[in-house]
Amino acid sequence: MGTRSAPCIYPVSQRSTGACPDRGGMNLVSRKSGHDNRFCAGHNDPDRGAAVKKKKSSRETNSCASTGASRLCKVERAVRLRTGQLCVLVNQWKSVEVDMEIWPIGVFASIDAGLGVKLEVARELAVPTIQLHAPAQGTRTPEQARAFLEKLNAMGITLTAVFGGFEGESYADIPTTERTVGLVPRDTRAARTREMKEIADFAKLLGCSVVALHLGFVPHNRQDPLYAEALDVTRDVCDHCRANGQALHLETGQETADSLIDFIQDAGRGNLFINFDPANMILYGSGEPIAALKKLGRYVKSVHCKDGVWAKNPGKEFGAEVPLGQGAVGIENYLRTLKEVGYTGPLTIEREIAQEPERQKAEIGHAVRLLNELKEKIL
């Protein structure tokens, strides 16, 4: 896609910490440099290519495409929608030290809606990043956005994605989920599409360049009229997000890896990516998660760390979510596969038992420790 000049949409409250929205809010700018991150250097893993030009000088080596230690890179003004997130680059050549953490831990959080944990839990567990379930419609205001950003800044937490969810959705069983969830059901599609765009606009107020959702059950038959309708609504939301400088991430679960690849390619939008949830592949019976991740890797720009066990009749009834490391995902193998496909963004823990907050907190704490141990072992 092309490039255009624009101001950085990442909030001032988070720029001061060196957080950049590209790759989920990694710590890009070295504390040594004192750079206030009004603009941020593009960075990605090698297979996605560099985001900057080279000049003929020994100081002109661009290492933004790699990860790890501090490096000098030079960037020019442009807006590039890369890895599903927005990064605004500087118009003069400047030396900027890059210090990016690989796989920062995250947690799925909620304010007044959804099954995520409260921000206070994230702070207590020293989790540096969150994905946020979009708050209720009445609280998606500029004033609430400012207050929320102040709270995040005070806690030292970076927001990496805002998830849409809708009134009337039910995950009681697979048939009910198919009938009620996402933008695919015809009866609720128009109203929910408007609301998803409002959620994207609220995410923009939060300086967040990724919005995500469960799209719903997309027909496997590409000749089904509902398939074309699902493509149309996805393109519509993608185009709205692109105007906001945002990417749209579809969470895995309802579709097989092959069907999801077909759908993304048929949609034909450069800002459409995947939030990969390995447990959902098991819970919905849609495929073995590690094999699916290997197929989908180039589209995976955000992930959940969640575990589950298979149902007796996969695809006809739900499997069960279990604490991380106790299910069929194989978390060490999952992380090794993320490394293999080049994913370096946040590892966002999701544990959907909000009705039991103390247990939820304890099991997320266990997941944080497990992931940190595996990071030490794998990286």
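Predicted model: local features only at pLDDT ≥ 70, side-chain atom pairs only at ≥ 80, totals over all residues.
I started with Cys305, which counts as buried at 1% relative accessibility; buried means under 20% relative accessible area, exposed over 50%, and partly exposed in between (1.4 Å probe, protein chains only). Residues are numbered from 1 along each chain as its sequence is written, and side-chain values use heavy atoms, with hydrogens and water left out.

**Cysteines**

I looked for disulfides, taken as pairs of cysteine sulfur atoms within 2.5 Å, and the count came to zero. Cys241 is in no disulfide, and its nearest cysteine sulfur, that of Cys238, sits 6.4 Å away. Cys241 also counts as buried, at 1% relative accessibility.

**Barrel**

Next I went through the strands and helices, which are DSSP runs numbered from the N terminus (helices H or I, at least four residues; strands E, at least two). Which strands close into the barrel? There are eight, in the order E5-E6-E7-E8-E9-E10-E11-E14, with parallel pairing; two strands pair if DSSP finds at least two bridges between them. From one strand to the next the twist averages 30°; axes are lines fitted to C-alpha atoms, for helices over the stretch in contact, and angles run from 0 to 180 degrees between N-to-C directions.

Five of its five residues are buried, so E6 is largely enclosed by the rest of the structure. Thr129, Gln131 and His133 point one way from E6, while Ile130 and Leu132 point the other way. E6 pairs with E5 in the parallel sense over four bridges, and Ala109 stands opposite Leu132. The chain gets from E5 to E6 through H2, in a right-handed β-α-β crossover; right-handed means that, with the strands pointing away from the viewer, the path from the first strand over the helix to the second runs clockwise.

With E7 (residues 158-163), E6 makes five bridges, also in the parallel sense. Thr129 has Thr158 as its bridge partner in E7. The crossover from E6 through helix H3 (residues 142-155) to E7 is right-handed.

Leaving out residues up to four places away in sequence, Leu248 touches, among others, Met196, Cys238, Cys241 and Phe273, a contact being heavy atoms within 4.5 Å.

**Positive phi**

Most residues other than glycine have a negative phi. Trp103 is not a glycine, yet has a positive phi of about 55°, in the loop between E4 (96-100) and E5 (105-109). Ala126 has a phi near 60° and lies in the loop between H2 (119-124) and E6 (129-133).

Are these two buried or exposed? Trp103 counts as buried at 0% relative accessibility, whereas Ala126 is exposed, with a relative accessible area of 64%.
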